[in-house]
Amino acid sequence: MNNIDHSRRKWLGIGLAAMGIGLFSHRALSSLTTPRPRSLHIDNLHTGETIKAEFFNGHHYNKSELTRLNYLFRDYRKNEIKAIDPKLFDQIYLLQMLMGINKCVQLVSGYRSLNTNEMLRHKSKGVAKHSYHTLGQAMDFYIDGVQLAHIHKAALKMSAGGVGFYPKSNFIHIDTGPVRKW
C-alpha cells in the first residue's frame with residue numbers, strides 16, 4: 001500500500017508539473033530552462049532614472065547589476081535602499097517573455113520603508129499594513145503600449161506570487177509572496 005501511495009504521489013506531482021508548464025508559452029518556458037542572460041529595461045517614474053540591466057548572466061545573478069536595480073527600486077522619499085528579491089526581477093522578465101514583448105517597464109513603486117508605507121496608508125486605503133513592498137518583494141508597474149488588462153491576465157497565468165489590478169491608478173502589483181489576487 002505504501003508503494004502505491006508513493007507512486008500515486010509521484011504521478012500526481014508529474015501531472016501537476018505538466019499542467020503548470022502548459023500555462024507558459026514555449027518562449028517563456030525556454031527562457032526558464034535554457035541558461036541564458038536575463039535583462040530588464042526599467043524607468044523609475046518618480047526619479048526619472050532609467051536602467052538597462054542584465055541581472056542574470058545565464059548561470060548566476062550578477063551582483064553589480066542587482067545593486068543597480070536595488071538603487072532604482074529604492075524608497076526615493078527616504079533615499080533608503082533595500083536588497084530586492086531577485087525572484088521579483090525573474091517574474092517581470094518572465095512576464096514579458098510570456099507576453100512576447102521586451103519593452104521598458106514603468107516602475108510606479110518598488111521598495112518602501114516602514115515610515116513611507118505608513119504615510120501612504122494614511123493617504124490611501126489601498127496600501128497594506130504589512131506590504132511586501134517593505135520587504136523588497138513587490139513592485140507596482142505598467143508597460144507603455146501594453147493594455148493593463150493584458151498584463152494582469154499574463155501575471156495571473158504565471159501563478160508566481162501576489163497580483164493586484166489597479167486600473168483606475170493605471171498599474172499592476174506583483175510580489176514574490178504566496179499566490180493570491182485582488
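Ala, Val, Leu, Ile, Met, Phe, Trp, Tyr, Cys and Pro count here as nonpolar, Asp, Glu, Lys and Arg as charged, and the others, Gly among them, as polar. Keep that in mind for the colouring. The model on screen is predicted.

**Stop one: the cavity.** Select Gln 91, Leu 95, Ala 155, Met 158, Ala 160, Gly 161, Gly 162, Val 163 and Ile 174, which line the largest cavity. Helix 4 (86-99), helix 6 (148-158) and strand 5 (162-166) each give two or more residues to this lining. Now colour by class. The lining shows 6 nonpolar residues, 3 polar ones and no charged ones. The volume inside is about 50 Å³. A search of the whole structure turns up 1 cavity of 30 Å³ or more.

Move to the largest pocket, with a volume of about 590 Å³. Its lining has 31 residues; select Arg 112, Val 127, His 133, Asp 140 and Phe 171, the closest to its centre. Next, show strand 3 (105-109), helix 5 (114-123) and strand 6 (171-175), each of which supplies at least two lining residues. Colour by class again: 12 nonpolar, 11 polar and 8 charged residues line this pocket.

**Stop three: helix 3.** Select residues 63-72. Which residues of helix 3 are buried? They are Glu 65, Leu 66, Leu 69, Asn 70 and Leu 72. Look down the helix axis: these buried residues fall within an arc of 160°, so they line one face of helix 3. Show their neighbours too. The buried residues pack against strand 1 (38-44), strand 2 (50-56), helix 4 and strand 3. Finally, turn to the face away from the buried side, where Lys 63 and Thr 67 are exposed.

Terms used: Residues numbered from 1 in each chain as written. Predicted model: local features only at pLDDT ≥ 70, side-chain atom pairs only at ≥ 80, totals over all residues. Heavy atoms only, no water. 1 Å grid on protein atoms, 1.4 Å probe; cavity = no way out; pocket = protein on both sides within 12 Å on 5 of 7 lines; lining within 4 Å. Points joined across faces, edges and corners; volume = space filled by probe spheres on them. Helix = DSSP H or I, 4+ residues; strand = E, 2+ residues; numbered from the N terminus. Buried < 20%, exposed > 50% of the residue type's maximum accessible area, 1.4 Å probe, protein only. Arc of directions from axis to C-beta. Contact = heavy atoms within 4.5 Å.
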